[in-house]
Structures are given as C-alpha cells and as structure tokens.
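Please look over the structure below, with an eye to how its side chains are arranged. The paragraphs that follow take up the aromatic rings, then the nonpolar cores and then the open space.

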Amino acid sequence: MRLPEFATHYYLSENGPFLSLSELSAGLEDPVFLNLLTRHQRDPNYRRRYGRNYIEVRSKVEARLRELFIARGGKPRRRHPFYLVLGESPWFRDLNANQNELKIPLSQLDHETTSLTYPDSFIALSRDDKPYYNQVFLLSELSELVRRFGIPENDHAVPYERYWETEFELYIEVQLWDIPPGFKAQQ
C-alpha cells in the first residue's frame, strides 16, 4: 500500500479555504451555520448534513482532540484546527457540486502543529470499540498507522444521505493547528 504524499482540504468555493464553523461568533444561531443546516433542502447539489447540535458536539470533540494532541507533544497555535484528509477522498469531494480542493504536500506540514485521527475525528473521539479510537496520532507516526490499519478503501460505499448511520471509516483525517503553509488568515 502506497502512502499518499499529500493531504487535501475540501471547501465550498463561495466561502474559500481554511475556515472553521467552530469559530462562528453566534454558534448554533449564526446565520452561516443556519444556512448550512438547511441548505440540502434548497440545493440538490449540496449533500452535507449537520445536526442541530453539531456546533456543541464539535466543540467538545475539538477540545478533547486538542487535549490529546498536546499530551502527545503537539503545539497547537490555534484553538480549532482546519481539517483535511490524507490523500484524496472522492466521497468527501463529491459532498457538494461546488466544492474546491487544495492539496498540501505532507512534507510542508509542521509536525508540531499537525495531528491525525483514524478515521474522522468526530467518530474517532466518540467511540471506543476499535484500537485506533480515542487516539490522536502524530504526523511522524503516519507510516506505522497505515502499516497497522491500512488506508480506508470504502470511499464510495457509503450513501451521502445516511452516512451518520454507518461505520464511517472513509479516510484518515488530518488536523492543522496553524495557518497552512502559504496561506494568510482569513478575516
């Protein structure tokens, strides 16, 4: 199995890259979140789904993710990470028709500010029935992680409309705890 040499950040073209719902000033009541919450009802090309409690749960997951990363020696420079996938994920890319992607070579990522979960952090930190759950991995451990558990290969097997009811082991998630190389913070 060949280890991907890059991570991909997917984002809506109208919003731009490297934004975080966790940083919305009004949280659950923020117009940006409220729009995304119901967008699939108005736009058939938008398949992403959020529960009403997404921001609250995401906040708890991110706090735990940050805590585990720091315990492993990570040095986050942001309160909330930006999310990428190891290599590519056609499943994630095709969640939205108007989605863009940015690929960042793993060699450009700072080991002190990059963490990984297997799979998506929402799943990995919400369950404990697999050996890689409730863990944060370091970029330096990526080869061993893939050697032990492989890279998820069921990328197209999960239907968008009910993905939260599956095992949801579609990709290895990469978390960036700093502004990515070559980008400036968006205001």
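Rings of Phe, Tyr and Trp (its six-membered ring) are taken as a pair if their centres lie within 6.5 Å, and the pair is stacked when the planes are under 30 degrees apart, edge-to-face when they are over 60 and tilted for the rest. By this rule the count comes to 13 aromatic pairs. This is a predicted model, in which local features need pLDDT of at least 70 and side-chain atom pairs count only at pLDDT 80 or more, while totals for chains, interfaces and linings use all residues. Residues are numbered from 1 along each chain as its sequence is written, and side-chain values use heavy atoms, with hydrogens and water left out.

Phe-33 belongs to helix H1 (residues 31-42) and Tyr-50 to the loop between H1 and helix H2 (54-71), 17 residues apart; helices (H or I, at least four residues) and strands (E, at least two) are DSSP runs, numbered from the N terminus. Phe-33 has a relative accessible area of 0% and is buried, a term that means under 20% relative accessible area, with exposed over 50% and partly exposed in between (1.4 Å probe, protein chains only). Tyr-50, at 12%, also counts as buried. The rings of Tyr-54 and Phe-122 are stacked, because their centres are 5.5 Å apart and their planes at 10 degrees. Since Tyr-54 lies in helix H2 and Phe-122 in helix H4, this pair ties together parts that are 68 residues apart in sequence.

A nonpolar core is a set of buried Ala, Val, Leu, Ile, Met, Phe, Trp, Tyr and Cys residues joined through side-chain atoms within 4.5 Å. The largest one has 30 residues, and Leu-86, Leu-106 and Leu-142 are among those with the most contacts inside it. Strand E1 (6-12), strand E2 (82-86) and helix H5 (142-149) are among the elements that each supply at least two residues of this core, and E2 gives the most, with four residues. A second, separate core of 10 residues includes Leu-12, Leu-21, Leu-24 and Tyr-54.

Where else does Leu-86 reach, leaving aside its neighbours within four places in sequence? Leu-86 is in contact (heavy atoms within 4.5 Å) with residues including Leu-3, Phe-6, Val-146 and Val-174.
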